[in-house]
Amino acid sequence: MGEVHVLDHPLISDKLTRMRRASTSSQDFRLLLKEISLLMGYEVTRDFETIPATVETPICMGTFPMLKENFFTIVPILRAGIGMVDGFLELMPFAHVGHVGVYRDEETHQPVEYYFKMPEGVERSKIIVVDPMLATGGSAADVIDSLKARGCTDIRLVNLVAAPEGVKRVQERHPDIDIYVAAVDEKLNKNAYIVPGLGDAGDRIFGTK
Ligand code: PRP
Ligand code: URA
C-alpha cells in the first residue's frame, strides 16, 4: 500500500492557515501556494536516488552525489494545480510539465477530463501530480488512471488539503501511489467541498468568484 505522508512542517502549517482565511486575497493566496509547493517539494523529492559523480572543485578532485534520474514531469490538474507548478519548478527547473484538464460536474461531483498533454516519453519519467485539493478523490484517481494508461509507472500525488474520503478513494484505486499532503481535514460537506478546507481553490487562485 502506498503511504500517506502528512507534511506538517511549521512553515507549511502556518502558510496553509493563512490560505484558509476567507479574507486572504487572490494575490496572497497564489503567493502562499507557491511557497508551500516549494516547501512540500523538498519533502516529496527526499527519496530521489543519487549516484556518485566525480567533480573537480577549486581545491581537488572528489566524488559527490548527484541525482540519478534526469527526467521528471510535474503534472498539474487544471486549473488549480497550475498554482503549484512554479514552486516545484523553482526546485527542479529541469523538470517537464504535462497538463491534465479536469473539472467536477457541479451536480454529480464526477470528474470530467477535457485536456491531456504530456511530454514525449512521459512513461520513462518520474511523475509528480499536483492539485491543491483532494476532495472525493475522483479527479486525482482518474488522472492517475490516464497516466497509467499511457504506460506511466512512477507516479506520486501531492495535495495541499485532503478529505479522508479522497485519500481512501485514491488508495483503493491506486494502492501503489504515495500521497503527500499538508493536512487531512475532517470531512466533505453535501456539495463535496472539504470541511473546513479553504473553499474553491481554482476560484481563489484565479479570482473567478
Ligand atoms: C477542484 C480541485 C480538484 C478537484 C478535487 O477542481 O482543484 O481538481 O476539484 O475534487 P475531487 O477530489 O472531488 O475530484 P475543480 O473541479 O473545482 O476545477 P478547477 O480547478 O478548474 O476550478
Ligand atoms: N475543490 C475545491 O477547490 N475545494 C474543495 O473543497 C473541493 C473541491
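A residue is called buried when its relative accessible area is under 20%, exposed when over 50%, and partly exposed in between. The model shown in these views is predicted.

View 1. Cysteine 60, at 44%, is partly exposed. A search of the whole structure returns 0 disulfides. A disulfide is a covalent bond between the sulfur atoms of two cysteines.

**View 2. The shell around ligand 1.** There are 17 residues around ligand 1, and those that come nearest are Arg104, Asp131, Thr136, Gly137 and Ser139. At least two shell residues are supplied by each of β4 (72-78), β6 (99-104), β9 (133-134) and α4 (138-149). The largest share comes from β6, with 3 residues.

**View 3. Polar contacts of ligand 1.** Threonine 136 places a side-chain N or O atom 2.6 Å from an oxygen atom of ligand 1. For arginine 104, the distance from a side-chain N or O atom to an oxygen atom of the ligand is 2.8 Å. At alanine 80 the contact involves the backbone: one of its polar backbone atoms is 3.1 Å from a ligand oxygen atom. Taken alone, ligand 1 exposes 500 Å², of which the protein buries 91%.

**View 4. The pocket of ligand 1.** The largest pocket is the space taken by ligand 1.

Key:
Residues numbered from 1 in each chain as written. Chains lettered and ligands numbered in written order. Predicted model: local features only at pLDDT ≥ 70, side-chain atom pairs only at ≥ 80, totals over all residues. Heavy atoms only, no water. Disulfide = S-S within 2.5 Å. Buried < 20%, exposed > 50% of the residue type's maximum accessible area, 1.4 Å probe, protein only. Near = heavy atom within 4 Å. Polar contact = N/O pair within 3.5 Å; in protein donor to acceptor, adjacent residues only side chain to side chain. Areas by Shrake-Rupley, 256 points an atom, 1.4 Å probe, with all protein chains shown as cover. 1 Å grid on protein atoms, 1.4 Å probe; cavity = no way out; pocket = protein on both sides within 12 Å on 5 of 7 lines; lining within 4 Å. Sits in = over half its atoms within 2 Å of the grid points. Helix = DSSP H or I, 4+ residues; strand = E, 2+ residues; numbered from the N terminus.
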